[in-house]
Amino acid sequence: MMGLGSAIGAGLFLGSGAGIATAGPAVLVSYGIAGLLVVLIMRMLAEMASALPASGSFSVYAEKALGRWAGFTLGWLYWFTLIMVLGAEITGVAQIVTGWLPGVPQWVVAAVFVGLFAVVNLSGVRQFGELEFWFAFIKVAAIVGFLIVGTLLVFGLLPGTDPVGTSNLLGQGGFAPEGIGGVAAGLLVVVFAFGGIEIVTIAAAEARDPQRAVARATRTIVWRILLFYIGSVAIMVLVLPWNAPALQSGPFVAVLDLAGLPGAAKLMEVVVVIALLSAFNANVYGTSRMAYSLAGRGDGPAALRRVSKQDVPWVSVLVSVFFAVVAVALNWLLPDDLLGLLLNAVGSALLVVWVLIAVAQLRLRPTLERSGKPMTLRMWGFPWLTWATLVALGGLVALMLADSTARGQLAATAGLVGVIVAVYGVTAWRRGRGTPVS
């Protein structure tokens, strides 16, 4: 449920319309390619997590495979990425809720929710998991309901409706009205929507039976997410023309309005708020555990290792919450160009994470086999599928370089990675001289 909670958010409920507008019905191909890529990456990550469960997850594996610099860089890059995402998520919640309560300032709404989830994360992993379960359950129930209503609409089984056929899917310029270029551009829009699923392997370290838990979760979760994403988008492009303005402004609401369901817009607003809060809750967990792991390896301040009686790294949680509040303040106080630079750096940071996961798996697999550690999951077609994934990621980078907006994201991410590597260099130099780093 944590993986579902983190990966199913505004990217699906709001962002799917942008993908449709970019590629037309052929966005289904874009989702299929992106989904296959994520399936392979998660399989690699699950292989390593089943053998070496750790709260630092891929940061730990990168360190073991490539050296301490890689673990430091990947860990803090992921932490920074989630911190910026936290600010965006809680700002989105505040904007929607103040629409319901116009007399309440946005900062009050943001403060209330940040405080609430700080308490939840500090109270213990069991309480956090329970809340995340119910959040994810509501989102999944909403999507399943949407898929049922959409299917009835497609086959004309609702009162006053007729079967839609393929007129929208193949009309309005055909299945791929923007051609191969549209599919490629759509891939850039949708591929990062799957980000967040990797938090499953971070949580594995706190499960009762880590090897069994991560194996069971990763076997099923990716396929469920693909069903939800591709199934939902398929219904959208079947029942409405791909260039319909309503799809861009609110794709789920557009379909539910077509089905004649009253109150659909308000219901989806509630679901989007729950989706954002669920992702915020999961990402507070993810950032705190990553910081805790980094500190435990000597790559962060020692205070981040302090735990409460409930075995919660309370300092790491509070630091993550504090910087989430700072990120919210950036959304309100700083000029758009500076905030845009930070969000651009986040935009393609996930690509760096995926590349290093694949490289780490290539290097660690032979080591794990020689060590005799139990591997409840193995990457398919090793090493050829891992190499194929790296080639696909390289192709994605090439696509981004050909796109002016995505090019800016890559440049910002490269700058951010450069800063983190430079910080590592300074800390390594001080460590070598015997100077305390933290």
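Contact here means that heavy atoms lie within 4.5 Å. The exercises below use this term on a predicted model.

**Exercise 1. Determine which residues Ser-320 touches, leaving aside residues up to four places away in sequence, and describe its surroundings.**

Solution. Begin with the position: Ser-320 belongs to helix H16, which covers residues 314-333. Next, list the contacts, which are Trp-79, Ile-83, Leu-86, Thr-287 and Ser-288 once residues up to four places away in sequence are set aside. Then turn to the polar atoms: the side chain of Ser-320 makes a polar contact with the side chain of Thr-287 at 3.0 Å, and a polar atom of the Ser-320 side chain also lies 3.0 Å from the backbone oxygen of Ser-316. Finally, consider the accessibility: a residue is buried when its relative accessible area is under 20%, and Ser-320 is therefore buried, since its relative accessible area is 0%.

**Exercise 2. Check whether the end-to-end distance of helix H15 agrees with its number of residues, and describe how the helix is covered.**

Solution. Helix H15 runs over residues 264-296 and has 33 residues, so at 1.5 Å a residue it should span 48 Å. As for cover, 26 of the 33 residues of H15 are buried, so that the helix is mostly covered. Just after H15, Gly-298 adopts a positive phi of about 80 degrees.

Helix H6, residues 68-100, reaches 49 Å from its first C-alpha to its last, close to the 48 Å expected for its 33 residues at 1.5 Å a residue. H6 is mostly covered too, with 24 of its 33 residues buried.

**Exercise 3. Describe the largest nonpolar core and find the element that gives the most to it.**

Solution. The largest nonpolar core holds 138 residues, and those with the most contacts inside it are Phe-13, Phe-58, Tyr-61, Trp-354 and Ile-357. Helix H15 gives the most to this core, with 17 residues.

**Exercise 4. Classify Pro-241, Gln-172 and Asp-311 as buried, partly exposed or exposed, and locate each residue.**

Solution. The cut-offs needed are under 20% for buried and over 50% for exposed, with partly exposed in between. Pro-241 lies in the loop between helix H12 (210-239) and helix H13 (245-249), and its relative accessibility of 23% makes it partly exposed. Gln-172, which is among the residues that Pro-241 touches, is in the loop between helix H9 (167-170) and helix H10 (179-190); at 44% relative accessibility, Gln-172 counts as partly exposed. Asp-311 sits in the loop between H15 and H16 and is exposed, with a relative accessible area of 58%. Two backbone angles complete the picture: phi is positive at Gln-172, near 55 degrees, and positive at Asp-311, near 65 degrees.

**Exercise 5. State how many helices and strands the chain has, and where the confidence of the prediction is lowest and highest among its elements.**

Solution. The chain contains 20 helices and zero strands. Its pLDDT averages 82, and 90% of the residues score at least 70. Among the elements, helix H17 (residues 336-347) has the lowest mean pLDDT, 58, while helix H19 (residues 384-401) has the highest, 92.

How values were computed:
Residues are numbered from 1 along each chain as its sequence is written. Side-chain values use heavy atoms; hydrogens and water are left out. Helices (H or I, at least four residues) and strands (E, at least two) are DSSP runs, numbered from the N terminus. The expected span of a helix is 1.5 Å times one less than its number of residues. Buried means under 20% relative accessible area, exposed over 50%, partly exposed in between (1.4 Å probe, protein chains only). pLDDT is the predictor's confidence in each residue, from 0 to 100. A nonpolar core is a set of buried Ala, Val, Leu, Ile, Met, Phe, Trp, Tyr and Cys residues joined through side-chain atoms within 4.5 Å. A polar contact is a pair of N or O atoms within 3.5 Å; within protein, one must be able to donate a hydrogen and the other to accept it, and residues adjacent in sequence count only if both atoms are side-chain atoms.
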